[in-house]
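Welcome! Let us look at one helix and then at a few charged pairs.

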Amino acid sequence: PGGNIANRPAASLRDVFLLWMPHTTASMEARLEVIKMLLERHSKVGWALVIKLWPENGGTVMTRATPEWQDWADGWKRGVTRGELSKANVALVELSFIAAEAVPERWIELLKHLKSLGPDLLETALASLEKLAATSEDAEFRFKLWTELKEQIQRHTYFSDAKWAYPAPVVARLEGIAGKLVPSDPVSQAIPLFESGFFRVGRKAMSFKDQEALLLSTRAEAVGKVSMSGGSDAVFQLAKSVAEPWGVGVALADAAKEKYDPLIIPLMLVVEDKKLEGFARGYAARRLGDNGRKWLDGAVLKQWAPDQAATLLALASCEKRIWTIAEGLGEEASMNYWKQARVFFRGSAEDVTYAVEHLISAGRSAEAVEMLCLSADDGKSEGEPIATKKLIEVTRRALSGTLSENARLVQADSVRVLLE
């Protein structure tokens, strides 16, 4: 257990019981009895096996050797008939429903697989979910089930024209079930919009620009409700509860505009809690578009701590004007800025060389080579290209630093592009 090669115990167990290619002479009825026993005596192992055996399209299996010195497999043939497979699939799904009735949390996993079911079995599953939504009193379970339902609804709505997507009536049933499970507090309602799962809204047929606009407006509306119901404390709770706190900051900036500026900027740009820090930086990056002129001022930034000022500048575009402001704030702020600055910049050879040298001084040699690669003579650079001698010198300096293995691979590819 815990390894990642093919024939681990769980993989071997799956191959032995595989419905469409079992590697045992045991009958289908006997195999199902063993699975039922596993669910009773070794619940986690048994449930993991059921999920691996779930009837879905695709899959591969390595054939197993038959006994060479025993005769109990004589006459046995690999594979099953279509009728046997259909019967086995139905029996396994019905067994999984019984197992999920005993442990309701299992429905959360089953929701990911229901799309492979025929109409009758799908109806049974939906009826069970409707009953569960109406009777369960476990708040944590209800939230998890609601979250998974939301993701499945969004996925099948987004890909509604795909052959595998649920038809509209099934999506409507799922929406009805989810409606019975909606959390009462706005923070919990907003959490799924900022998780790392499938968070697209709308439909695939929409343009990317329209999809992004809809997602941003949906997030802003949700965070606006959080702000109105619980103020900054509720917003901070949301930011600390999600996988993408940066997005919460962006949504708050869209929803509340300048309301939270004094509370977040610059005080929260550098804090110990990395989620709150990411949230604050997302907020600041969004607010720079509306309030950049006020903050991107040397006189204002000098009143801030050097790391706060450098962080805000790093959120702005990477350009000479910003570099000049950073340099005017002193050596500490300037170095802190170059440790965070973006590398997407194209300009004159003089400006590129200036930026690359500062990146190297800040210990970011991989990013320095990346900027060189982006800004080399590609027909888009301004003015004269970087002289070959200077290019080699800066590249050598970048490569002489201590690098991780991944950084070395990235740099090696970038240097190849530069030399070409």
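In this predicted model, helix 8 runs over residues 168–181 and has 14 residues. From its first C-alpha to its last it reaches 20 Å, close to the 20 Å expected at 1.5 Å a residue.

Which residues of helix 8 are buried? They are Val-170, Val-171, Leu-174, Ile-177, Ala-178 and Leu-181. These residues lie on the same side of helix 8, because they cover an arc of only 120° around the axis. Helix 6 (119–135) and helix 7 (139–158) are included in what covers the buried residues. On the face turned away from the buried side, you will find the exposed residues Ala-168 and Pro-169.

Now for the salt bridges, of which the count comes to 16.

| Pair | N to O distance |
|---|---|
| Asp-254 and Arg-286 | 2.8 Å |
| Glu-319 and Arg-321 | 3.5 Å |
| Lys-320 and Asp-351 | 3.7 Å |

The pair of Asp-254 in helix 11 (residues 245–256) and Arg-286 in helix 13 (residues 274–295) links distant parts of the chain, 32 residues apart. Asp-254 counts as partly exposed at 23% relative accessibility, and Arg-286 counts as partly exposed at 35%.

Lys-320 in helix 16 (residues 320–328) and Asp-351 in helix 18 (residues 349–361) also link distant parts of the chain, 31 residues apart. Here Lys-320 is partly exposed at 46% relative accessibility, whereas Asp-351 is buried, with a relative accessible area of 15%.

Key. Residues numbered from 1 in each chain as written. Predicted model: local features only at pLDDT ≥ 70, side-chain atom pairs only at ≥ 80, totals over all residues. Heavy atoms only, no water. Helix = DSSP H or I, 4+ residues; strand = E, 2+ residues; numbered from the N terminus. Expected span 1.5 Å × (residues − 1). Buried < 20%, exposed > 50% of the residue type's maximum accessible area, 1.4 Å probe, protein only. Arc of directions from axis to C-beta. Contact = heavy atoms within 4.5 Å. Salt bridge = Lys/Arg side-chain N within 4 Å of Asp/Glu carboxyl O.
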